[in-house]
Amino acid sequence: MKKRGKYKKPQFRTKRMYIALEDMDLEWETEDVKIVIEMWDEGSSFSFITAFMDRDPHEVLALLFELREKQMIRDRSAGIFTSQPLEITKSHQNRINCSFINTESETYTVMIKENLVFNEYQALMFDEMWKNGATLAEISKKIKRKKLKDILLLMLDRSFNEKIGDLPIGMDGRFLSDGDFMGTCLKSI
C-alpha cells in the first residue's frame, strides 16, 4: 500500500457488491397498500391477496413484512391462510391513517430504508448455508450481519431470483426454522 501521510490507500476495493431485492418491483400505489391492509384484516389468505393484487408473491411478502414492522397489520391466528376477520380497533385504524397522512406521494416504496447491500461472498455464503439447512440466525452470524431482518430480506431476494429453493413455509403456514423471527413471520408469513 502506498502511504500518504498517516493514511493508507487500499490497493484493492471491496469485493463485488450484491444488492438484494434489486430486481423486485417494490413500488406500490398507496391505494393498493390500503387494500392489502384491509384484505389482511378481513382474513383473506396470502394467496388470495397475491392473486387479487396481481403481484409476485415475493413482492406481496416484502410489503407484508414492512407493514408488520410498522405495525400497520397485526398477527392472525391462521397466519397466511384464510383467517377470522380481525377486530377493527380505533388505535389500529389511527395507526394506518397516520402512516399515510404525511404522504403526498401516490406510491409507497417497500424497504426503502433498509441496508440491502451485501458483498458477493455474503450472498454466496448465504446460498451455501441455506442449502445445508442453517438457520437464519446462524447465517446472520457467519456473514456478519447484526440485523436478522437483513438476512430475511436476502432470503426473500435469493428465493425470488431462484438461487435457493422455496421459502421455508410449512403446512401450517409457519416458517420451519428460527423460532420467532418477525413474530413467527406474521404468525406464518
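**Notebook: aromatic pairs, buried serines and a surface proline**

I began with Phe-52, which is exposed at a relative accessible area of 52%; I call a residue buried under 20%, exposed over 50% and partly exposed in between, using a 1.4 Å probe and protein chains only. The model is a predicted one, so I note that local features need pLDDT of at least 70 and side-chain atom pairs count only at pLDDT 80 or more, while totals for chains, interfaces and linings use all residues. Residues are numbered from 1 along each chain as its sequence is written, and side-chain values use heavy atoms, with hydrogens and water left out.

I then looked up the aromatic pairs, taking rings of Phe, Tyr and Trp (its six-membered ring) as paired if their centres lie within 6.5 Å, with planes under 30 degrees apart counted as stacked, over 60 as edge-to-face and the rest as tilted. By this rule I have two aromatic pairs. The rings of Phe-48 and Phe-52 have centres 6.2 Å apart and planes at 25 degrees, so I recorded the pair as stacked. Phe-48 and Phe-52 stand four residues apart in helix 2, about one helical turn, where helices are DSSP runs of H or I with at least four residues, strands are runs of E with at least two, and both are numbered from the N terminus. Phe-48 is partly exposed, at 45% relative accessibility.

Phe-126 and Trp-130 also form a stacked pair, 5.7 Å centre to centre with 20 degrees between the planes. I found both residues in helix 5 (residues 120-131), four residues apart, and both are buried.

Next I turned to two serines. Ser-159 lies in helix 7 (residues 148-160) and is buried at 8% relative accessibility. Its side chain makes a polar contact of 3.0 Å with the side chain of His-58; such a contact is a pair of N or O atoms within 3.5 Å, where within protein one must be able to donate a hydrogen and the other to accept it, and residues adjacent in sequence count only if both atoms are side-chain atoms. Ser-44, in the loop between helix 1 (30-42) and helix 2 (46-53), is buried at 14%. Leaving aside neighbours within four places in sequence, I see Ser-44 in contact (heavy atoms within 4.5 Å) with Met-39, Ile-49 and Arg-76.

Last, I checked Pro-85, which sits in the loop between helix 3 (57-69) and helix 4 (90-101) and is exposed at 55%. Not counting residues up to four places away in sequence, Pro-85 touches Asp-41, Glu-42 and Gly-43.
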